[in-house]
Structures are given as C-alpha cells and as structure tokens.
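Dear colleague,

I am handing over the structure discussed for your modelling work, and it is shown directly below.

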Amino acid sequence: MKSSTRYRIIPALFALLACHSLSGENGYRLWLRYDTIHDTVVLQAYHSALKQIMVEGHSGTLNAVIEELQNGLSGMLGQEIPLVSETITEGTLLIGTPASSDRIAALPVKDLLRRTGNDGFIIKTCLVSGKKCIVITANEDLGLMYGTFHFLRFLQTRQQIADIDVVSVPSVQFRLLNHWDNLNRTVERGYAGCSLWDWLLLPDTVSPRYKDYARANASIGINGAVLTNVNADALVLTPQYLEKTAALAEVFRPYGIKVYLTARFSAPVEVGGLSTADPLDPQVIDWWQKKADEIYRQIPDFGGFLVKANSEGQPGPQNYGRTHAEGANMLARALAPHGGIVMWRAFVYDSNVPEDRAKQAYDEFKPLDGKFSSNVFIQVKNGPIDFQPREPFHPLFGSMPGTPLMMEFQLTQEYLGQGTHLVYLAPLFKECLQSDTYAKGKGSEVARIIDGTLENHTITGMAGVSNIGTDSDWCGHPFAQSNWYAFGRLSWDLSLTADTIAEEWLRMTFTNNETFVIPVKQMMMGSREYAVNYMTPLGLHHIMARDHHHGPGPWVSEGRPDWTSVYYHRADTAGVGFDRTASGSDALSQYFPEVKQQYENPDSCPETLLLWFHHLPWDYRMTTGRTLWEELCHRYYEGADSVKKMQQTWKSLEGLIDKERFEQVNAMLSIQLKEAGWWRDACVLYFQSFSHRPIPEELEKPARSLEYYRNIKEPTIPGI
Ligand code: GCW
C-alpha cells in the first residue's frame, strides 16, 4: 500500500498549538476529531489532491457519507470542499459503486471488486476523464462508507494521499458490540455511567448520541449491536420495547449497524403466557416464530438473538432435558426465513460445581459439534474461565470444526482495573488470536478459526463486550476508548498489529506529534503485561474480590467453591497453582497433542501460564534462577513499578496535548498506582502466609498488614 507513507511533522509546532487550539476537550469526539491541520506542507498537499467531492448515487448511507466527508474535510482542511455533481476536475474525490456511477463503471476496478464482497472497498488514485482523481468504490453503499472513514483516517494520521492504492476486505462478517445493558439503564460490568439506551424516552425522543455512536462504530467497521444484557429481561421482546428498539435501528441503519437482542429462553412463559419454554413444544416453537415475524415487521433488518442459557441461573433448554443444540436450533428456525442469526454462548456455569470449571464449556459443547443449524454461532470467550488478565486460549477453538465459532472479547475492564486503570487490550486480543491450536497441524491459529479459513465456514464473527456508557467521553477512562477502537479495527482486519492500532488511535485521538505518540504507544503496549504482573502473574487467575471483582481477594474462600479464589490458586505450604495435567484435573487433554505436550511439562510450559496448569513447590527453580516464591514477589513488584514509570512518562508529556485529558489521565494513573500497590501487597502478604518465606531483601516491604487488606470492603462499586 503506497499510501502508508506519513508526513514528518515538526514537533515544535505542536507545543505551540496544543495550548490554544485544544481546549475544552471532554473526549466526546473519540477518534473522529477532524481538527484543522496546521502543518502547511501537509495542508498544501491535501488541498491540491482534494479540490471537490462528487458522490454518485442516493441513499441514507450516502447522505451520511457526504455529511461525514464535509465535516471531516472542512474541519481538517480549514475550508469547505465543494460537493459537485457534474464536472470532473483534477483533484476530485469521486465516490460511488459501478451501479450508481457510470464514471466508476468505466474504470478498471471490476476484477478487484469481485474480491471485496458487500463491505469491502477500494481507494485508488485514477484518471477519470483524463483527470487525476481519488476514487472510493465498492459493491454496496456501505462499502463506500467504510472506505470514506478509511480515507479520512489517512488524513487524520497524516499519510500521503498523492498515489493511493488500497483494497480492503473485512476479516469477519459479523463485527458486533455486546452491551450488557439492563432496561433500567444499569450496565452489568459497566464503568462509564448509565446505559446509552434511554428506554423511558424512546421511541419519541431519540438522543443525538445514538447517531454519534453509530458513526463511531461505522468508522471502525463494527456492524452490529446487541442492545441488551445476556442476563436477559424478556420484557425487551414485548411490543412496547420492540417499538423502542425499532427507533434505535432506524438511527443506526444508514451506518450499517444492525440491532440484535438477547432472548431470554423463558420468554414464552414470562411474556407469552405459556406454561413451558420447552424448545420441542409446538406452542413454544410457534410462539418464537410469531415473535420473529413480529420483530421483522418492525425491524426488517433485525440481526438476531444472543443467548446465555443454562449458565449462572439463566434459563435454558436443559431445564426441559433438552440440549443446547435443540434450544439454539429452535430459535434459529424462527429467524432463518428472515435472514437472522443466533449467537449461543458457550460460557456455561453449571448449577453443579464441576471438578474444574475450565473444562465445562468444552465438555458440554464439543459433543454437539455439527448439530447446530447453519445460522447458529457458538460464541466463545477468549479463554476457558472468564476474561482474566491472562488465560490460555479456549480449548473449544479448533475442537468444533463443524460449527462456526464467534470470538467474545471483553472490552469493559471487569478484571483489568475497571474504570481507572490504563490497560490497552489489543495485545491480549492478539495473543489469543495468534495462539496455535494445532487443530489441523501447525499454523491452525485461533484467528483462522474465527475468520473461517481453517474450517471453511461461511459465517464468521467477533463480539466485544462493550465498555460504553453515558460518560461524556463514552468509556470513562480516556484510554478505554482505545479498546473499543482496537476491537473494531481488529475485527475488520485480523492481521493488524496491536502496535499499528495503538499508533492510529493515538494520532487520531490526541495528536500526531511523535514526541507524544512514541512514548505513549510504548506505555499502551506494555500496559496489559503490567496489569498481569501486579494482579495475576505467572498464570494465577480468579483471585479478585468477590462479586464486584475490583481489587484483590486471594483469600475469598466461602460459598460455592468455583466462585472462590482458593479454588483457583490452591496455595498451600507445599506450593501454589492449579494442576490441570493428567495428575490433576486433566483439563490439558482438551487441547490438541502439540499444545498439551508443551504445557504439561513445567519446563516447557510458558512461564506466563505456569500456575494455570501446574501446582508447583515454592522452591521450584525458574528460568531467572530465582525460586517460584521469589519470582512471584518480583513480578508483583515489577508490575507496580511499571505503573510508576507510566506515570513518570505521562507527566513528562505535559503541554503536548490538551490540559483536560492530560489531567484526567494523570489523576487516573495515580489511582492505578495506588491500586497496583494494593494488589501487590495484598497478594504477596497472602501468599507469604503459605510460603513462609521472606520477601526478597531488595524489595520494599508492604507498609500494612494482610489483615488490613482483608478488611477492605467496597460495597458501592459500580457495574454489578
Ligand atoms: O464475567 C462474568 C461476569 C458476569 C457476566 C458473565 C457472563 C453477564 O462476572 O457479570 O454476566 O461473566 O459472561 O455471562
């Protein structure tokens, strides 16, 4: 792609500009900021390449394209770029499909367009009627929208546009946000205010935020939103709520965002007046069919249902002695005539305590492979437990070749510092996607299961549990926006690196000044590992406080065993860690032999996952030469120290960006530093009560007692 060449920009200019032009920043504009470009060389080049806009065709989507372009270009170039309809001149930005534009139909793009499908696009410098123009073309108007945002991103990140040649096709077809939003506007695991969906005021009042939400999503390729919590409320399926849902769908439609709802399995009983929700009962089947027909009458492009069944108290087919497949297929049959899909979650948390919770999803779903209808996805969390700071990839990836699996990542930071920690999640996403399952030998990465290439699936998808709320900056922490951004960009292009995405996001969200971008990108890239170190190093997991999951709680031991921390870390005087080899729960046998062989031996198991798979003695010798106990201490201290370094880096950048966001991040980093120290001290002291070994001399000793940490109560944490 020739166009990736970036302009070198003189840093000194920025220091001057940051102070006066970027005041009043509340983060609302996300990465779609379009501020005026001040570098005259860049500005000059963009002006000469962009003299007028011609958009051929008519649709709601094209109106949105025009609006975005006019805002974006007039913002960045400092003057209106005229919208014309007749005469091509040098420097026209020509947008259209071959069907809507004879000029484009005459260009040699037909072969390329055979590859771009419905959503993909081409951006190309071409001669049109003998004039040098930039052409954005696609098979559908939506492709033109994605291409337009991509083009604007070029300008936002100061890339050269003199000779563009881009063909872009999304890696997966369904790129969805999952909102865990309740109808009363609380958000399960939400740390950014209330739910965006104002059910009380809908459908009569439609907040302007809905359109901005759709724009932001479209700009990164997201094409669907599940509006409601997987811990579902059947009310959303009643006519009153469907009318409200239809109003949202209407705002989202031009931007290509389809709406989806969570279907509570017991809805036929709760809102349908039936005495059963048995998926094989003819009345139940009929109820769902009529419900689907009713939904599609109001929302013709409704996406489908997301279902959490027989997990954490949610009802499901097993209540009637039926399988997940029987439940999912019944819903799938109701949606199929309308083109809808079912996303059936594999996150099952049985009412009986399993011998190893990490094994449950595989045990329940693997035998059902091949039994699901063609419009059913099984939606699988990245790891086998629950969005921990680090998990191995889920063993279902590669184990259900006859079923399309949809990835579920969590953007909201339930286990990663919630609303206050700067943790950039793209490295976590990439780590999972790049893991080799060995399902079909070497090179069977999780990404190839998700994009359908390994098993030849025709439907493909990724879901991100949203971190969006009513906070003025949408996500609470300015850097939490990067996780929304990264999810969208990755689901569009699985080959993008975490580094590239961070850089794009920083340039668009803050500044193109490399004096800022380079060190902050480094902070972002390290941030997930820092959090792993101060929370759950060396493969520890699920040792957070009970219920709200904020802060450490390695001592949690009462109640249902697999909801406690002691179940997962298994610390005793001999050692620490969960033995998942054949001598323990044997969860490792759920992986393909190559993976199993590597992980079953502590010497070849990656240290990052050591205590996930092994219970090891405190004196076990690590590659650093330290004992396990010493290494554990060192990791905790390193994690907290890294936050101090992030804070120092950030402070050194004062003046390079607006004061508001600078100070907000600064304040958040202070909280993060305090909380990293809390995690470190509480965990080191707790594990010391088993290891009975001193904290290595070179490390500063905790200032407080274990008792102090055990007694911290946080009854009012948001997001439960
Ligand atoms: O991560 C856990 C959360 C629950 C959530 C559940 C799930 C929506 O603690 O709050 O419920 O997973 O994914 O269903």
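I begin with Gln-647, which is located in helix 21 (residues 628-651), where helices (H or I, at least four residues) and strands (E, at least two) are DSSP runs numbered from the N terminus. Gln-647 counts as buried because its relative accessibility is 11%, buried being under 20% relative accessible area, exposed over 50% and partly exposed in between, with a 1.4 Å probe and protein chains only. When neighbours within four places in sequence are left aside, Gln-647 is in contact with Leu-669, Ser-670 and Leu-673, contact meaning heavy atoms within 4.5 Å.

Please keep in mind that this is a predicted model, in which local features need pLDDT of at least 70 and side-chain atom pairs count only at pLDDT 80 or more, while totals for chains, interfaces and linings use all residues. Residues are numbered from 1 along each chain as its sequence is written, and side-chain values use heavy atoms, with hydrogens and water left out.

As for confidence, pLDDT is the predictor's confidence in each residue, from 0 to 100; the protein chain averages 96, and 97% of the residues score at least 70. Over residues 13-23, however, pLDDT stays under 50, and the model has 18 contacts beyond four places in sequence for that stretch.

The ligand is surrounded by 15 residues, of which the closest are Glu-188, Lys-308, Lys-381, Asp-386 and Glu-414; a residue is near a molecule or strand if one of its heavy atoms lies within 4 Å of it. By class, this shell has four nonpolar, three polar and eight charged residues, with Ala, Val, Leu, Ile, Met, Phe, Trp, Tyr, Cys and Pro counted as nonpolar, Asp, Glu, Lys and Arg as charged, and the others, Gly among them, as polar. A polar contact is a pair of N or O atoms within 3.5 Å; within protein, one must be able to donate a hydrogen and the other to accept it, and residues adjacent in sequence count only if both atoms are side-chain atoms. An N or O atom in the side chain of Lys-381 is 2.7 Å from an oxygen atom of the ligand, and a polar side-chain atom of Asp-386 likewise lies 2.7 Å from a ligand oxygen atom. For Asn-231, the separation between a polar side-chain atom and an oxygen atom of the ligand is 3.2 Å. Taken alone the ligand exposes 340 Å², and the protein buries 98% of that, the accessible areas coming from the Shrake-Rupley method with a 1.4 Å probe and, for residues, with only the protein chains shown counting as cover.

The peptide bond from Leu-202 to Pro-203 is cis, with omega near 0°, and Pro-203 is found in the loop between strand 6 (174-178) and helix 7 (208-219). Phe-387, although not a glycine, has a positive phi of about 55°; Phe-387 lies in the loop between strand 11 (376-381) and strand 12 (405-410), and is buried because its relative accessible area is 4%.

Finally, Glu-607 sits in the loop between helix 19 (593-600) and helix 20 (610-613), and its side chain is joined to that of Thr-623 by a polar contact of 2.8 Å.
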